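Colleague: I would like a close look at one part of this model. Please take the salt bridges and go through them one by one.

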Amino acid sequence: MSQGPPAGSVLQRSVAAPGNQPQSPEDDDRKVRRREKNRVAAQRSRKKQTQRADKLHEEYECLEQENAVLRREISKLTEELRHLSEALKEHEKMCPLLLCPMNFVQVRPDPVVSCLP
């Protein structure tokens, strides 16, 4: 009584599958090697995909942090702009240079205006 492949093994399924021609041991070995190679390639592919996803997630986290920093900076600059605009308005109310009508008279003629007809 010869022992065949263990029950449920790849070899037994390939031999016992309906419509299969009897296979030589070389064909079975080739099939097993091909399946093993395919399994390893699939594992490698899944690992690469996971690494890519991890890298993208890290990039996302960095960009989120950078975005938060930039938003805080925008907020600070907006507040500074508001403060400076208010200070300028208050200064314009009492600025002697702006209040004196003589400051609006040109002392020297504008060279561009003097060239125009």
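Modeller: The model is predicted. The chain has 4 helices and 0 strands, in the order α-α-α-α. Of its 117 residues, 4% count as buried. The accessible surface is about 11200 Å², with 59% belonging to carbon and sulfur atoms.

The count comes to 5 salt bridges. Start with arginine 82. Its partners include glutamate 79, with the closest N and O atoms 2.3 Å apart. Both residues lie in helix H2, which spans residues 25–94. They sit 3 residues apart, about one turn of the helix. Arginine 82 also forms a salt bridge with glutamate 86, where the closest N and O atoms are 2.5 Å apart. Here the spacing in helix H2 is 4 residues, again about one helical turn.

How covered are these side chains? Arginine 82 has 40% relative accessibility, so it counts as partly exposed. Glutamate 79 is partly exposed at 39%, and glutamate 86 is partly exposed at 42%.

Now move to glutamate 90. It forms a salt bridge with lysine 93, the closest N and O atoms being 3.2 Å apart. Glutamate 90 is partly exposed, with a relative accessible area of 47%. Lysine 93 is exposed at 58%, because the cut-off for exposed is over 50%. As for shared partners, salt bridges join Glu79, Arg82 and Glu86 into one network.

Note on methods:
Residues numbered from 1 in each chain as written. Predicted model: local features only at pLDDT ≥ 70, side-chain atom pairs only at ≥ 80, totals over all residues. Heavy atoms only, no water. Helix = DSSP H or I, 4+ residues; strand = E, 2+ residues; numbered from the N terminus. Buried < 20%, exposed > 50% of the residue type's maximum accessible area, 1.4 Å probe, protein only. Areas by Shrake-Rupley, 256 points an atom, 1.4 Å probe, with all protein chains shown as cover. Salt bridge = Lys/Arg side-chain N within 4 Å of Asp/Glu carboxyl O.
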